[in-house]
Amino acid sequence: MTRIGVITFPGSNCEHDTVHALGLAGADAELVWHRDTDLAGLDGVVLPGGFAHGDYLRPGAIARFSPVMGEVARLADEGRPVLGVCNGFQILCEAGLLPGAHIANRDLAFICRPVEVEVVDTGSVLTRAAEPGRRLRIPLNSYEGAWVDPTGEGRVVLRYTDDPNGSQDQAAAVANQEGNVVGVMPHPERASEPILGSDDGLVLLSGFVEACREVKV
Amino acid sequence: MTTPTDDLKFEDAYVPEPEPGPEPLHRRLGLTDDEYRSVCRILGREPRPAELAMYSVMWSEHCSYKSSRPFLDRFPTEAPWVVVGPGENAGVIDLGDGWLAALRIESHNHPTFVEPFQGAATGIGGILRDVFTMGARPVALWDQIRFGPLDQPRNRYLFTGAVSGIAWYGNAVGVPTVGGEVAFEECYSGNPLVNVMCLGLMRSDELVLGTAGRPGTVAVLLGAATGRDGIGGASVLASASFDESSTTKRPSVQVGDPFEEKKLIEACLELYRRGLVVGIQDLGAAGLSCATSEPAARAGVGMEVHLEAVHVREPGMTAAELLMSESQERMMAFVDPDHVDQVLAVAERWEVDASVVGTVRAGGTLSVYEGDELVAEVPAASLSEDAPRYHRELGEPGWMEDLWSNTLGLVAPPDTSKTLLLLLDDPSIASAAWVYEQYDHMLFLNTVIGPGHDGTLLRVKGTRKGLAVSTDGNGRLCYLDPRRGAARLVYEAALNVALCGARPRAVVDNLNFGNPEKPEVMWQFRETVEGIAEACEALGVPVVGGNVSFYNETDGQDIYPTPVVGMLGLADPMPATPPRLDRAADGMDLWLFGPEWAINLAGSAFEQVAFGHVGGRPVAPDPTLAAAAIDAAVTLAADGLAPVLHDISDGGLAVAVAEICIASDIGVSLRVSDWRHLYAEDPHRFLAAAAPEDGDRIAEVAAEAGIPARRIGRFEGIDIVFELPGAVASVDVETAARTYREAIPRRVG
């Protein structure tokens with residue numbers, strides 16, 4: 001079984017949803033507390049959505065100093081799959097594991113609604129199972145959701161078809177150059193069952209679980 | 001050793017000399033002279049300052065229900081599935097298979113008027129604590145918010161501030177806001193209403209009550225440090241009327257910290273899972289005074305409390321301030337002495353501060369120390385149980401007869417297309433997406449039918465069950481006839497959960513009223529309570545909790561009597577494909593369920609929006625028809641016969657059908673025999689969209705349930721077409737949709 005750790009900070013709130021959806025995608029996911037520093041045995045990690053450390057100062061600014069983050073960086077360096085969803089994406093940027101940073105949505109309002117994204121690069125652990133050009137309907141749920149990257153190093157792997165928040169390059173998901181660290185602003189775990197309106201997110205989560213499984217081998 | 005205080009004539013009581021100075025302390029704290037005398041009588045002496053502070057908050061209208069309690073006994077509160085009825089922090093009902101639901105509703109009207117962002121935000125914090133105090137994880141919130149018209153800048157400020165506050169707190173605390181209501185009326189200009197309801201879920205062995213337990217039990221204060229914020233919130237803010245100077249009361253509004261609350265929720269849920277608490281009580285209105293006296297009174301014990309042990313935000317707070325502070329995000333856990341170390345360890349793990357502040361003692365005395373000094377010694381039960389009860393004067397308002405005879409009496413129908421667009425542009429009817437898209441309404445992956453529908457449908461993961469919830473209020477209707485209006489709200493909410501496939505199971509109500517010292521307001525209150533009680537009895541649905549908010553008046557102007565009814569329904573099993581508004585398709589039939597001849601326009605949105613008229617007497621509800629409508633709706637939803645089911649309410653049939661067309665992006669042609677059918681809001685009516693081949697079966701369902709139903713149109717094309725006797729009117733769906741979606745954004749943008 002593929003073991004994936006879902007890192008839980010004080011203030012995280014999507015950790016249980018993420019465990020649930022990763023289960024649907026075929027993984028054995030478990031919660032990892034932010035003060036734990038032993039990630040041995042995990043094939044990959046997910047930083048879930050929420051408000052780690054209350055988003056005080058700015059989203060991710062305090063979470064990057066949580067004890068677990070040193071190990072997350074080490075896994076990333078080793079080439080293991082690391083995924084940040086929403087607040088997790090913000091934390092990965094603050095930690096320097098992904099390029100760029102997040103600013104408030106263009107309309108200065110929180111946005112919670114399904115949006116459409118297009119798969120533009122399948123060379124990441126999140127998008128590897130999706131067809132290029134495929135359009136997916138996945139809920140967005142963020143205030144500081146606009147990604148900006150003056151360095152130009154980010155690899156945009158999912159792009160909004162109708163820019164909801166003012167992200168640079170209409171980026172909805174961004175990977176590092178190696179493709180093993182990915183941040184995604186919409187929530188794939190919220191689009192994992194038809195009864196909830198869409199299961200388009202499963203192709204992303206299944207690809208991620210597959211990537212974790214391969215690293216294991 | 002206390003004296004019954006039902007009767008406040010204490011001629012024989014010791015009456016102290018008035019204190020020197022401009023205003024005696026008890027009056028500044030909001031206690032009347034009579035109430036001060038009864039405190040003296042209970043204690044057999046003059047109270048110490050800290051004691052007076054405790055009585056002032058606990059005997060406030062907000063905490064003691066002193067004007068409303070005699071009426072609230074009227075509610076039916078029993079059913080086989082009720083586990084905990086009114087009186088605890090939240091009502092609890094049994095869902096079967098070991099699952100319990102906790103439900104509670106509260107208002108934060110006055111704080112929102114004074115400071116909309118924090119006022120609305122802290123309302124959420126408070127309602128969450130009421131629910132997780134019971135052992136349940138809060139899984140969903142509903143906000144019912146009412147403001148004055150958006151063309152006034154101050155109303156825009158209050159409305160956008162409150163929505164931002166709700167979004168800020170609710171999203172960050174990690175509990176989705178899955179529905180609610182947004183309404184605008186002139187009467188709320190000086191007095192907005194912000195109500196919030198919370199639903200929690202737990203396993204049956206996780207239920208915890210607000211009891212202090214046996215003597216020897218240790219009281220552990222968990223959560224935020226206590227500060228000077230919110231002092232007198234219950235007594236100063238929530239229990240008095242407002243005027244121009246009310247913004248000076250801003251220091252009485254609490255300041256919220258959703259991050260602290262999130263940690264507190266997780267810490268408490270772990271304490272319950274591990275069985276480490278005997279009882280627990282949240283600190284809300286009346287703070288420490290309430291969280292010590294109420295659990296002690298419930299358990300029939302006393303308590304010794306040490307204020308110097310309380311973790312504080314600032315030095316130098318007096319005993320009275322510590323006892324009255326309404327600092328948010330705090331809980332009082334009652335713990336077996338052997339478990340204290342484990343409780344402190346759980347708190348430490350979740351990064352929640354904790355202090356051991358007291359010990360339960362035999363007898364009924366609450367003794368409060370500051371260091372070695374005894375600062376308060378009162379009978380614990382006297383703070384809650386001996387609170388005064390007022391039998392306020394009742395009087396039917398002289399204006400009712402005039403109101404009822406003041407009918408609009410239109411002779412010719414107005415232009416149908418223009419009227420529909422006018423209604424769709426009304427912010428109380430229009431899409432509330434601008435509001436709910438700022439709220440996380442999807443967290444926890446339970447939201448099967450979310451905001452923008454008649455009811456919310458949540459699944460219970462790991463079961464086949466679905467929980468449907470609807471919250472409904474209508475101040476205008478209740479102003480015109482409080483009893484009929486309130487009863488109709490109960491039936492409307494019940495029908496809305498039935499349209500999700502669920503059977504009504506429990507009601508909570510939030511009764512927002514004006515000044516109870518006015519006989520007219522108390523009459524409105526009594527009538528409303530009667531209306532809710534009658535409807536709940538007819539449906540066999542118990543009231544499991546509620547809240548009363550009086551003094552909703554500014555400068556002597558009372559709000560409309562505005563009860564808000566929250567209905568919880570259970571669908572077991574949940575329909576496989578529950579009806580939704582967006583599933584109407586080309587070629588489907590449009591069905592109208594309910595009374596054939598609906599022409600009463602009294603209290604309708606039509607009269608208010610198109611003519612600025614509020615008058616006439618609304619139609620009385622019909623309990624038999626209400627039950628039939630519910631039966632039919634549940635069957636249609638459960639069998640999947642009707643892809644769309646939609647309640648007819650604000651704006652009548654015209655708006656209801658337009659809402660289906662807008663959501664489904666399809667036109668419709670329908671025929672009515674009288675123009676008034678388009679706008680009447682008679683109760684127990686709903687629309688269905690269904691495939692033509694299912695027509696016979698649908699007619700059978702209606703006949704079996706005992707409700708009239710007929711095909712009135714067909715979905716087709718791109719226009720909403722009304723065929724009236726001698727006239728045809730149409731509005732294209734695109735224009736209708738734009739009007740409906742832009743109504744709120746264009747006014748606040």
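In which sense do β3(A) and strand β4 (residues 82-85) of chain A pair, and over how many bridges? They pair in the parallel sense, over three bridges. Keep in mind that what you're looking at is a predicted model.

## Strand β3 and its neighbours

Let's stay with β3 of chain A, which covers residues 44-47. To get from β3(A) to β4(A), the chain goes through helix α2 (residues 69-78) of chain A, making a right-handed β-α-β crossover.

## Which way the residues point

In a regular strand, side chains alternate between the two faces of the sheet. Now look along β3(A): Gly44(A) and Val46(A) point one way, while Val45(A) and Leu47(A) point the other way. Whichever way they point, all four are buried.

## Where chain A meets chain B

Time to zoom out to the two chains. On the A side, 20 residues are in contact with 21 residues of chain B. Three elements of chain A, namely α1 (15-24), β6 (111-119) and β7 (135-142), each supply at least two residues to the side that touches chain B. β6(A) gives the most, with three residues.

What kinds of residues make up this side of chain A? There are ten nonpolar, six polar and four charged ones.

How values were computed:
Residues numbered from 1 in each chain as written. Chains lettered and ligands numbered in written order. Predicted model: local features only at pLDDT ≥ 70, side-chain atom pairs only at ≥ 80, totals over all residues. Buried ≥ 20, exposed ≤ 12 C-beta atoms within 10 Å, placed from the backbone. Pairing = 2+ DSSP bridges. Right-handed = clockwise from strand over helix to strand, strands pointing away. Contact = placed C-beta atoms within 7 Å. Nonpolar A, V, L, I, M, F, W, Y, C, P; charged D, E, K, R; others polar.
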